[in-house]
Amino acid sequence: MLGFLKNPVVVTAEINLNLVVLTVMGLISRLWGLSYPRAVVFDEVYYGQFVSLYMKRIFFVDDSGPPLGHMLLALGGYLGGFDGNFLWNRIGAEYSMNVPVWSLRFLPALAGALCIPLAYQILVELQFSHCAALGAALLILLENSLITQSRFMLLESILIFFILLAVLSYLKFYNLQRHRVKYMGLFTYMLLLAIAGLHFWHMLGDRNLSNVSLVCHFLARGLTLLVIPVAMYLSFFFVHLTLLYRSGPHDQIMTSAFQASLEGGLARITQGQPLEVAYGSQITLRNVLGKPMQCWLHSHTNTYPIRYENGRGSSHQQQVTCYPFKDVNNWWIVKDPGMQQLVVSNPPRPVRHGHIVQLVHGITTRYLNTHDVAAPLSPHSQEVSCYIDYNISMPAQNLWRVEIVNRESDTDVWKTILSEVRFVHVNTSAVLKLSGASLPEWGYRQLEVVGEKLSKGYHQSMVWNVEEHRYGKSQEQKEREVELHSPTRMDISKNLSFMAKFTELQWKILTLKNEDTEHKYSSSALDWITMDTNIAYWLHPTSGAQIHLLGNVCTWASANIAAVVYTCLSLWYLIRRRRKIYDIPEDAWQLWVSAGQICVGGWVVNYLPFFLMEKTLFLYHYLPALTFQILLIPIVLQHLSDHLCRSLLSKSMFNALIVAWFSSVCFAYRTFSPVTYGEPLSVAELKDLRWKDSWNILIRKQ
C-alpha cells in the first residue's frame, strides 16, 4: 500500500535561459543608478503629491484613472519609510534626506524591466519563433524612451506592464483551451473582449464542440474577462477609500454626504447633527452640482438694482445668491406656512416629500420668494429674492414644495446631507436653480440663483442638500442670531456605504476636468509617430547633464515601416484570397491575422482615442501604442523571411540586412544613452544629439 514511498519524489523544472538573461538585462538597464538624479524629475512633481497624501491618509481625487498606479507608487514610499513630508512644488528641487528616492522609483522600474520578458512570451504564445520573440524583447530592452519613463516615479511603465500582462494572460488562456478541447488600459481591455468574442464566434461554428462545451467556454470567458476584472477593479477602490479616510484639499468637489464620511473637515462640523429636517430646523443648503464651484444658498441686506445696465428693471427685492464660502448669511429656517413659530416643536414634526414649506432667511427674517420678473443675468428665468413689502401691487409668493429626488418612496422624510431635494415654486412651478453666472459688482461677484420653469429634464444645478443643520430653539430674533453663529452639535452620525462612495468617486473621476493649459513640451498626437517632439525631464544646475524623453530613432522608424508593410501585405492577401489565390498556407494566414489583431489592434486602441481627447498631450502618452508597434517588427521580419525569401541566397542576404539593421538599433541606443541616464555632456556633444530641428535639446550659453 505504501509502495510509492520506495521511490524518491522528484520535481523537474524547465528554465528558459533566454527569459532569465532578458530579465536580468532588463533589471540592470532600468535599476542601474536609480537614485540619480536626487531631484524632482518632470511629472514626479505631480505624482509625488499623491504619494504624500497616501502617507498622511488624506483623501484626494485624480482624473487620470483608477487608483492602482498611485497606490503602487505609494507602496514604494511606504516600504522605504517615507513620512510624506516633502513640498512637491518645483521640478528640479533637490530631495530632502527623508525622501527614499530609490524606493519611490523602484516599482515603476521593476514594471519596466518585466515588460521585456513579457514581450518575449507574447510572441511565443502567438506561435512565432523564439528568435522573433528574442528580437521583440531586445527591441523593448533597447528602447530609450521606455527606459527613461520607467526609471522615475511615473505611471506609464506600470500601465504598459499590466497591458502586456493582460494580453499574455488571455493568449495563454486561449492556447490552453484550444489544445484541451487606462482610463488607456480600458481600450486594451476592450480589444481583448472583442478578440475573445471573435474566438467564441468561431467556436459556435465548430460542430465538434457539444453544447455543454460551448456553455463552459462562454462561462470561462465571462469569469476571466468580466467577473474577475470587475471584482479586482472594485477592490482597488476599496483599498483606496480605506486608506484615505481623512479630509483633504479635494473634499469640496464631493457631495456633502461624502465629505461628512471623512475624518475632520466637514465631518467635524456636521458630526452629531439631527438626521431629519423638521419645521423650525435651521439649515444651510448646498447646491449639488458643485460647478463652477461649491456654493450655498445665500442672502444679504443688499437689494437688486432698480435698473440693470442693459435697461431692464428689477423687483428691487433683497438679493438671493449662491455663495462659495461658509457664512452666517447661508442659514435658512424651514417654516410651516400655517404657523408663525420658527422653532422646532416637541416632538419635532419632520418635513416629507411633497410638503409645502417657506424658507426664512435666518439673519434678515425675509422669506425666499420668486415671481414673474426676469432674472438679472438669465432673462428667460425668474428672479429669486427675499421678499420686501413695499406696499405696491406685488404680493409675496413664498411657498415652495419639497421634492426629494433620491427618495425611495413618496412618504420619505427630508434628511440632512443624504436627501437631494428640489424646491418647486407653488405659484409659478419654477424650480430653484443655480445658473452658474457670476453677478456684477453690485452682487459682489456671487453666483446667480434663478427660478427655472419646471421641465421634464433633470439637472444637478436644480438640486440641493442640507449640509449643516440644527433644531432651532430661539423664537426671539436676537437670541436666534446668537444661535445661528454657534457651531452645531447633536448626537447622530452618518456614514456612506462603500458602493455609494465608489459610485460618486468613479463619476467624479470620469467627469472631472482639470484646466488644460499650454505646456512648453505638450504636443499633438500627429507629432508622436515620427517623434518630432521630445520632453526635457531634468537639467543639472551646473553641468551639461540632462535627461530627455527621446526614443530610439531607428526603432521608431522601423515600427512605422513594419505597420505599413503589415497593412499593405494584409490588403494584398485579402484581395488575392477573394480571387481564390492563396499565397501562403492557411495556418500561416491565421498566424498573420492573429498577430495583427493583437499588435495592430493594440496600437490602434492605444493611439487613435487621443485624437478625441480634450486634454494636454505629451509624448509619453504614445508609449503604450508604441510598445505594440515594436512587437510587430519581428513578426513582419519573420513573415518576410519565411514566405517571401524563397531561395537560400535571398534568405542569407535578408539575414545580413537584419544584422545590419539591428546594429543600427544598438548604435542609436548608445548614442542617446547619455540623455537617457543623465550623463554629463559638452556643448558640442549636445548639439550632435539634435538630429531633428524640432527637438529641444537644452544648451547653456557660454
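Start by selecting Asn 552 and Cys 554: at the start of α15, a side-chain oxygen of Asn 552 comes to within 3.2 Å of the backbone nitrogen of Cys 554. A polar contact here is a pair of N or O atoms within 3.5 Å; within protein, one must be able to donate a hydrogen and the other to accept it, and residues adjacent in sequence count only if both atoms are side-chain atoms. Helices (H or I, at least four residues) and strands (E, at least two) are DSSP runs, numbered from the N terminus.

The model is predicted: local features need pLDDT of at least 70, side-chain atom pairs count only at pLDDT 80 or more, and totals for chains, interfaces and linings use all residues. Residues are numbered from 1 along each chain as its sequence is written, and side-chain values use heavy atoms, with hydrogens and water left out.

**Helix α15**

Now select residues 553–578, which form α15. Colour the buried positions (under 20% relative accessible area; exposed is over 50%, partly exposed in between; 1.4 Å probe, protein chains only). Among them are Cys 554, Trp 556, Tyr 566, Leu 569, Tyr 573 and Arg 577. The elements covering the buried residues of α15 include α5 (130–141), α14 (525–529), α16 and α18 (648–677). After the helix comes Lys 580, with a positive phi near 65°.

**His 639 and its neighbours**

Go to His 639 in helix α17. At 4% relative accessibility, His 639 counts as buried. What does His 639 touch, not counting residues up to four places away in sequence? Its contacts (heavy atoms within 4.5 Å) are Leu 569, Tyr 573, Ile 584, Trp 592 and Leu 644. With Tyr 573 there is also a side-chain polar contact of 2.8 Å.

**Aromatic rings**

Across the whole structure, a search finds 38 aromatic pairs. Show Phe 82 and Trp 88: the ring centres are 6.5 Å apart and the planes at 90°, so this pair is edge-to-face. The pairing rule takes rings of Phe, Tyr and Trp (its six-membered ring) with centres within 6.5 Å; planes under 30 degrees apart count as stacked, over 60 as edge-to-face and the rest as tilted. Phe 82 counts as buried at 5% relative accessibility, and Trp 88 counts as buried at 7%.

Tyr 573 is in α15 and Trp 592 in helix α16 (residues 586–607), so the pair ties together parts 19 residues apart in sequence. Both Tyr 573 and Trp 592 are buried.

Next select Trp 528, Trp 556, Trp 603, Tyr 607, Phe 610, Phe 611 and Tyr 622, which ring pairs link into a cluster.

Two charges over rings follow (NZ of Lys or CZ of Arg within 6 Å of the ring centre and within 35 degrees of the ring normal). Arg 470 lies over the face of Trp 331, 4.3 Å from the ring centre. Lys 501 lies over the face of Phe 258, at 5.3 Å.

**Strand β3**

Finish with residues 318–323, strand β3, where 5 of the 6 residues are buried. Strands pair if DSSP finds at least two bridges between them.

- β2 (residues 296–303) pairs antiparallel with β3 over 5 bridges; Thr 303 stands opposite Gln 318.
- β7 (residues 382–386) pairs antiparallel with β3 over 2 bridges; Cys 386 stands opposite Gln 318.
- β11 (residues 447–453) runs antiparallel to β3, joined by 2 bridges; Glu 448 is the bridge partner of Thr 321.
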